Amino acid sequence: MASSILHFHSQKNQEIIVVVVPFPAQGHLNQLLQLCKLIASHNIQVHYVTTMTHTHQAKLRVHDPFSFINNNIHFHELSTPFFKSPPPNPNSTIKFPSHLQPSFESSSLLRKPLSKLLRVLSSKAKRIVIIHDSLMGYVVQDFVHLKNAEAYAFHSVSAFTLFLFIWENMGKPFDIDANFLKDVPSLEDCFSPEFEKFIKSQYDYMKFNSGRIYNTCRVIEGPFLDLLSKEQISNNKKQWALGPFNPVLVQQYGTKSCHKQHKCLIWLDKHEPNSVVFVSFGTTTSFSNEQIKEIAIGLERSKVKFVWVLRDADKGNVFTKDHQSRKIELPKGFEERVKDKGIVLRDWAPQLEILAHSSVGGFMSHCGWNSCMESISMGVPIAAWPMHSDQPLTIFLVTEILKIGLTVREWEKREELVSASAIENVVRKLMASEEGDASRKRAEELGEAVKRSTEKGGASRKELDSFIAHITR
């Protein structure tokens with residue numbers, strides 16, 4: 001870390017410095033790195049602060065890494081606290097990634113080095129603005145001792161999910177339309193008891209914050225943003241919906257550019273519009289061999305073209321080389337039989353570019369909020385299969401409220417194997433039925449509305465301008 005502080009000493013005194021502190025899990029790292037880019041584009045110095053391991057992970061996986069070669073973004077690699085990095089358990093009936101808990105717990109050791117960095121940066125600026133993941137409240141708490149510092153909590157989930165969490169935790173402080181609530185899934189088994197305790201331990205540090213930031217926008221979640229701004233919930237603190245953080249106009253990189261085009265994009269170029277389903281379950285899902293076999297058979301029988309990202313869940317340290325690494329087996333001869341219909345990717349895949357490709361007409365997803373925002377902003381409907389955390393609530397938002405998707409499996413049946421025939425049916429329905437077409441039309445309309453909201457005069461652009469004006473006041 002010392003080198004980045006020394007490097008900073010040589011720069012002239014800054015008016016405003018923004019310090020961004022992500023939580024060490026892929027969806028969180030990525031959303032906040034994208035936000036850095038939005039803020040830095042207003043010629044503001046931004047410092048992205050996490051461990052060395054997680055900085056490398058975020059940079060390695062970010063969409064269009066070349067756009068991050070920006071003089072306004074500084075990366076601080078705090079020395080990585082040691083933590084155990086066990087493999088995921090594919091056979092667990094509760095899908096919460098408990099194997100990541102040691103990594104989550106070790107993040108609290110960043111409090112001291114971060115506090116030191118904040119003091120150095122604070123002496124060089126008129127104002128220091130800390131944007132921290134809501135799960136990093138403990139780590140940033142020492143900002144209160146700096147006269148020129150203010151902090152904003154970033155929430156990585158949908159406004160709908162956050163509203164329900166807070167409203168229920170507060171004992172339902174005001175009435176809302178109870179009709180839609182009767183079908184909302186339970187939160188049972190969404191988190192491990194250890195992680196619930198970890199979340200609760202962050203609450204106390206929120207009271208010093210000046211406001212909240214969300215990766216969503218009014219055209220998607222206006223009513224829920226309004227509910228979150230009610231005095232009982234917001235305590236009159238400010239909030240901004242700055243999403244989508246991901247770019248909404250995605251350049252398809254040609255092979256001539258310095259960015260080598262991914263093989264699946266070359267494959268997608270050969271297929272007609274809306275003919276391919278993209279199948280990917282994020283970075284924290286680990287399926288049993290039995291479930292993988294059912295997915296393979298279901299995709300093959302559906303006769304629908306597909307791109308399937310088949311990888312195990314991330315370990316806490318994604319760079320640990322492990323001899324026991326799981327080799328995921330597919331049914332014998334599967335890849336040979338489907339070679340004209342489908343492609344199986346076993347490594348990191350460029351999700352945003354895949355969703356932006358005209359051949360892709362559907363997305364089978366775990367519905368992490370990052371994936372949903374990317375899918376919505378690209379106008380792609382979702383076959384929703386919740387695994388843990390906020391995903392069951394997000395799926396209710398996607399399928400019942402926004403009506404831009406279909407359910408693969410109800411949360412109530414989370415311990416059951418999803419059969420090949422269920423997968424075959426939902427893929428066919430999403431890609432070639434009236435119901436699927438209606439979802440696609442709504443997804444495309446919502447995607448266009450999101451794109452417009454990021455243009456000059458649009459709702460998202462106005463929120464970003466308002467936030468920038470506020471922190472540079």
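**Aromatic pairs and charged contacts in a predicted model**

W240 counts as buried because its relative accessibility is 4%, where buried stands for under 20% relative accessible area, exposed for over 50%, and partly exposed for what lies in between (1.4 Å probe, protein chains only). The model is predicted, so that local features need pLDDT of at least 70 and side-chain atom pairs count only at pLDDT 80 or more, while totals for chains, interfaces and linings use all residues. Residues are numbered from 1 along each chain as its sequence is written, and side-chain values use heavy atoms, with hydrogens and water left out.

The structure holds 25 aromatic pairs, a pair being two rings of Phe, Tyr or Trp (its six-membered ring) whose centres lie within 6.5 Å, with planes under 30 degrees apart counted as stacked, over 60 as edge-to-face and the rest as tilted. The rings of F96 and F191 have centres 6.1 Å apart and planes at 65 degrees, and the pair is therefore edge-to-face. This pair links distant parts of the chain, since F96 sits in the loop between β3 (73-78) and α4 (101-106) and F191 in the loop between α7 and α8, 95 residues apart; helices (H or I, at least four residues) and strands (E, at least two) are DSSP runs, numbered from the N terminus. Both F96 and F191 are buried.

W240 itself forms an edge-to-face aromatic pair with Y152, at 5.7 Å centre to centre and with 70 degrees between the planes. Y152 belongs to strand β5 and W240 to strand β7 (residues 238-241), so the pair ties together parts that are 88 residues apart in sequence. Elsewhere, F23, F96, F104, F165, F191, F195 and F198 form one aromatic cluster.

Turning to charge, side chains of opposite charge can pair when their charged atoms come close. The structure holds 18 salt bridges, each defined as a side-chain nitrogen of Lys or Arg within 4 Å of a carboxyl oxygen of Asp or Glu. One of them joins the side chains of E150 and R127 at 3.8 Å, N to O, and it links distant parts of the chain, with E150 in strand β5 (residues 149-155) and R127 in strand β4 (residues 125-133), 23 residues apart. E150 is buried, because its relative accessible area is 10%, and R127 counts as buried at 13% relative accessibility.

E150 also meets R473 in a salt bridge, at 2.8 Å, N to O. R473 lies in the segment after α19 (459-471) and E150 in strand β5, so this pair ties together parts that are 323 residues apart in sequence. R473 is partly exposed, with a relative accessible area of 46%.

A further salt bridge is formed by the side chains of R414 and D189, at 3.0 Å, N to O. Here too distant parts of the chain are linked, R414 being in the loop between β13 and α17 and D189 in the loop between α7 (159-169) and α8 (193-203), 225 residues apart. R414 is buried, with a relative accessible area of 16%. Salt bridges that share partners also join R61, R311 and D314 into one network.

At the surface, D183, E400, E410 and E412 gather in a patch of negative charge, a patch being made of residues with over 30% relative accessible area and no salt bridge, in which like charges are joined within 9 Å and nonpolar side chains (Val, Leu, Ile, Met, Phe, Trp, Tyr) within 5 Å. E412 lies in the loop between β13 (405-407) and α17 (420-431), and E412 is exposed, because its relative accessible area is 53%.

Technical notes. Areas by Shrake-Rupley, 256 points an atom, 1.4 Å probe, with all protein chains shown as cover. Lys, Arg positive; Asp, Glu negative; His and termini not counted. Charge placed at Lys NZ, Arg CZ, Asp CG, Glu CD.
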